[in-house]
Amino acid sequence: MQEIDAVAKLAALAQPMRLRVFRELVTAGAAGLTPGVLAERLAVPAATLSFHLKELLHAGLATQERASRHLIYRADFTQMNDLLGFLTENCCQGESCGVSAAPCKPARPAAARPAASSTHRTRVATPRR
């Protein structure tokens, strides 16, 4: 990964709502989430969510796929792992520091996961005022 790519990815994650969106996509794994489910889970207006998803797509941290009439967004685990690798490639000056840098990958393939449903309810923390 080039430094300029890492900067773009880190800049995309340097906004609280965008970071929350990305973390939801990471949690969803290979199954991904529809914008409706994401908006409900994060209690964010659709237009705001759309803006943040566009920024994550542009930075290469998320992918978008059309499934019938729905859009499915997923975290791009390859790009995420490349960013983590870039950040840690010179960790401890090449000496073992005892920290495992195993890449992240979804535990189950998308076909084995239950489909994302807009009826799924997740508790969302109330924003501080």
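1. A salt bridge is taken here as a side-chain nitrogen of Lys or Arg within 4 Å of a carboxyl oxygen of Asp or Glu. By this criterion, a search of the whole structure returns 3 salt bridges. The model is a predicted one, in which local features need pLDDT of at least 70 and side-chain atom pairs count only at pLDDT 80 or more, while totals for chains, interfaces and linings use all residues. Residues are numbered from 1 along each chain as its sequence is written, and side-chain values use heavy atoms, with hydrogens and water left out.

2. One of the salt bridges joins Arg 41 to Glu 24, with 3.3 Å between the closest N and O atoms. Arg 41 belongs to helix α3 and Glu 24 to helix α2, so this pair ties together parts that lie 17 residues apart in sequence. Helices (H or I, at least four residues) and strands (E, at least two) are DSSP runs, numbered from the N terminus. Both partners, Arg 41 and Glu 24, are buried. The accessibility classes are: buried, under 20% relative accessible area; exposed, over 50%; partly exposed, in between (1.4 Å probe, protein chains only).

3. A salt bridge also links the side chains of Arg 74 and Glu 65, at 2.7 Å from N to O. Arg 74 is buried, at 18% relative accessible area, whereas Glu 65 is partly exposed at 40%. The side chains of Glu 55 and Lys 54 likewise meet in a salt bridge, at 2.8 Å from N to O. Here Glu 55 is partly exposed, with a relative accessible area of 23%, and Lys 54 is partly exposed too, at 45%.

4. The next point concerns the nonpolar core, defined as a set of buried Ala, Val, Leu, Ile, Met, Phe, Trp, Tyr and Cys residues joined through side-chain atoms within 4.5 Å. The largest such core has 25 residues, of which Val 21, Leu 25 and Leu 38 touch the most other members. At least two residues of this core come from each of α1 (3-13), α2 (16-28), α3 (35-42), α4 (46-59), β2 (70-75) and α5 (77-88). The largest share, 5 residues, is supplied by α2. In soluble globular proteins, nonpolar side chains tend to be buried together.

5. What does Leu 38 touch, not counting residues up to four places away in sequence? With contact meaning heavy atoms within 4.5 Å, the partners of Leu 38 are Val 21, Glu 24, Leu 25, Leu 33, Leu 49 and Leu 53.

6. The buried residues of α2 are Met 17, Arg 18, Val 21, Phe 22, Glu 24, Leu 25 and Ala 28. They cover an arc of only 155° around the axis, which puts them on the same side of α2; the arc is that of the directions from the helix axis to the C-beta atoms. These buried residues pack against α1, α3, α4, β1, β2 and α5. Exposed residues Pro 16, Arg 23 and Thr 27 are carried on the face turned away from the buried side.

7. At the start of α2, a side-chain oxygen of Gln 15 comes to within 2.8 Å of the backbone nitrogen of Met 17. After the helix comes Gly 29, with a positive phi near 70°.

8. Ala 43 has a positive phi of about 50°; Ala 43 sits in the loop between α3 and α4 and is exposed, at 62% relative accessible area. Ser 68 has a positive phi near 60°, lies in the loop between β1 and β2, and is exposed at 65% relative accessibility. Most residues other than glycine have a negative phi.

9. Finally, Gln 64 is found in strand β1 (residues 62-67) and is partly exposed, with a relative accessible area of 42%. Not counting residues up to four places away in sequence, Gln 64 touches Leu 57, Leu 71, Ile 72 and Tyr 73. The side chains of Gln 64 and Tyr 73 make a polar contact at 2.6 Å. A polar contact is a pair of N or O atoms within 3.5 Å; within protein, one must be able to donate a hydrogen and the other to accept it, and residues adjacent in sequence count only if both atoms are side-chain atoms.
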